[in-house]
Amino acid sequence: MIKSLLKKFLLSQGYVISKSLPEDVQWQAHRNYLDDTKALVGDADDLCIMDVGAYIGQMAMAYRSRFPKARILAFEPCPESFNILTKKVQGCNIECHKMAIAEKSGQTELQLFDFAPANSILPPHPNRDKVWGENKLEATGSLQIEAITLEDAFNAFNIRHLNVLKLDVQGLEHQILNAAKGLLKAGRIDFIYLELILLPTYQNQETIANYFKLMEEVGFELHNFYNLSSVEGQLRQVDVLFKRLK
C-alpha cells in the first residue's frame, strides 16, 4: 500500500518509476524527459523537432504523441533500423532520412555491433566490456553511410528554427555540437537532449566536463538529468536536457 502510494506521488511530480538493469533489481525514480519537454516547449503550430539517432522510432513516436502539430524529422543511418523506423512511423507525418548527423558532410563509416542501438561512427573502446559486461557490445563489421552536418541539414531540409534537438549518437554528440557552434550561438535551437556516455565505450569520447564547457560557451544551461545508469556505483551513462539562455 505504501509503495503504491509512493509511486503515484512520484508520477504526479513528473517522475517515472522503473527497474534498474538486471544486475541490480532495485527500483529507481527518474524525471520524465518528455513531460518536462512538453511543459517547456508548449504546443505551438510551428514547432520543429529533430530526432538524431532515431533507431526504430520509439522516440519519434513519443514526440508525435505529445506534439501532434510539430514537424518531426528522424535521422537513422543503419539500413535495417531505418526500414523498421519507416514502417513504425508510417502515416504519422514523420520525415525519415537514412543518414547520420556528423561533424562533416559526406561519406563516412558506421561501426556495427550485435546490439544495434550501439552502432556508432566512433570505433569501439577496447575496455568497453568492463563497463557493459563481457561480450555485450561485440563489433560485427562496418558499412559506408551518408552523413551531414547540422548546419547542412538546416539548409537541405529548410529548417529555420529548431525547438528540440535530440542527439543519441553513441559518443559523437560533442563533435556534432562543436561543428554547429554557429547555429547554437545564433539562437536557432532552443532545447538539446543528449545521451552522454561517461565511461570508456567508444574511442574519442568527450568528458562530461567538456560537454558542459561547450554548452556554456554557446549559450545553454542545464535543465535536468534523466535515465541514470551506473555500474559498481559509478555513473556510466546519463541523458541531459540543456536549454538556451534567453
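In this predicted model, strands S6, S8 and S7 form an open sheet in that order, and the pairing within the sheet is mixed. The two edges are taken by strand S6 (100-101) and strand S7 (106-113); each has a single partner strand, so one side of each has no neighbour in the sheet. Strand S8, which covers residues 139-148, pairs with S7 in the antiparallel sense, and eight bridges connect the two. One point of contact can be picked out by residue: Thr 108 has Ile 145 in S8 as its bridge partner.

The next topic is charged side chains. Side chains of opposite charge can pair when their charged atoms come close. With a cut-off of 4 Å between a side-chain nitrogen of Lys or Arg and a carboxyl oxygen of Asp or Glu, the model contains 10 salt bridges.

One of them joins the side chains of Asp 51 and Lys 166, with an N to O distance of 2.6 Å.

A second salt bridge is formed by the side chains of Asp 190 and Arg 244, at 2.7 Å from N to O. This pair also links distant parts of the chain: Asp 190 is in strand S10 (residues 189-197), Arg 244 is in strand S12 (residues 234-244), and the two are 54 residues apart. Asp 190 counts as buried at 10% relative accessibility, whereas Arg 244, at 22%, counts as partly exposed.

Glu 221 is partly exposed, with a relative accessible area of 35%. Lys 243 is partly exposed as well, with a value of 23%.

Salt bridges can also share partners, as they do among Lys 181, Lys 185 and Glu 217, which are joined into one network.

Notes. Residues are numbered from 1 along each chain as its sequence is written. This is a predicted model: local features need pLDDT of at least 70, side-chain atom pairs count only at pLDDT 80 or more; totals for chains, interfaces and linings use all residues. Side-chain values use heavy atoms; hydrogens and water are left out. Two strands pair if DSSP finds at least two bridges between them. Helices (H or I, at least four residues) and strands (E, at least two) are DSSP runs, numbered from the N terminus. Buried means under 20% relative accessible area, exposed over 50%, partly exposed in between (1.4 Å probe, protein chains only).
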